[in-house]
Amino acid sequence: MDTSRPIVLTLPGRVTPDDAARLCAQLRARCGGAGPADVVCDVGGLRRADLAAVDALARLALTAGRLGHRLRLRGVGPELRLLLGLAGLEEKLR
């Protein structure tokens, strides 16, 4: 897996339940025909950690995996880390 040139996706300041499908489509478009690589999801600008954000990240992780990539998070705050842990996703989204 090529980690030298990750694909970077940035979450908006607020994620709504409707954003998950749009973010996954954006990820599919960015991955295109790229070989296996890390996808770095920058969540540092997320103003509120909630279940909509956790849902979007879980869906992004599934989409990345289906495309042969691994999703990694950057800028995870303590609230989001706690929610990811409660949802059983912290280990999958390091």
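Colleague: Which residues does Leu-60 touch, not counting residues up to four places away in sequence?

Modeller: Bear in mind that this is a predicted model: local features need pLDDT of at least 70, side-chain atom pairs count only at pLDDT 80 or more, and totals for chains, interfaces and linings use all residues. Residues are numbered from 1 along each chain as its sequence is written, and side-chain values use heavy atoms, with hydrogens and water left out. With contact meaning heavy atoms within 4.5 Å, and residues up to four places away in sequence not counted, Leu-60 touches Leu-9, Leu-11, Leu-23, Cys-24, Leu-27, Cys-41 and Leu-71.

Colleague: Is Leu-60 buried or exposed?

Modeller: Leu-60 lies in helix H2; helices (H or I, at least four residues) and strands (E, at least two) are DSSP runs numbered from the N terminus. Buried means under 20% relative accessible area, exposed over 50% and partly exposed in between, with a 1.4 Å probe and protein chains only. At 0% relative accessibility, Leu-60 counts as buried.

Colleague: At what angle do the axes of H2 and H3 cross?

Modeller: Axes are lines fitted to C-alpha atoms, for helices over the stretch in contact, and angles run from 0 to 180 degrees between N-to-C directions. The axes of H2 (residues 51-66) and H3 (residues 78-86) come within 10 Å and cross at roughly 65°.

Colleague: How many disulfides does the structure hold, and which cysteine sulfur is nearest to that of Cys-41?

Modeller: A disulfide is a pair of cysteine sulfur atoms within 2.5 Å, and the structure holds zero of them. Cys-31 is in no disulfide, with the nearest cysteine sulfur, that of Cys-24, 11 Å away; Cys-31 is buried, with a relative accessible area of 1%. Cys-41 is likewise in no disulfide, and at 9.9 Å its nearest cysteine sulfur is that of Cys-24.

Colleague: What distance separates the C-alpha atoms of Leu-89 and Leu-57?

Modeller: Leu-89 sits in the segment after H3 and, at 17% relative accessibility, counts as buried. Not counting residues up to four places away in sequence, Leu-89 touches Val-54, Ala-58 and Leu-84. Leu-89 and Leu-57 are 32 residues apart along the chain, and their C-alpha atoms are separated by 9.1 Å.

Colleague: How far apart in space are Ala-37 and Arg-5, C-alpha to C-alpha?

Modeller: Ala-37 is found in strand E2 and counts as buried at 6% relative accessibility. Ala-37 and Arg-5 are 32 residues apart in sequence, while in space, C-alpha to C-alpha, the distance is 7.4 Å.
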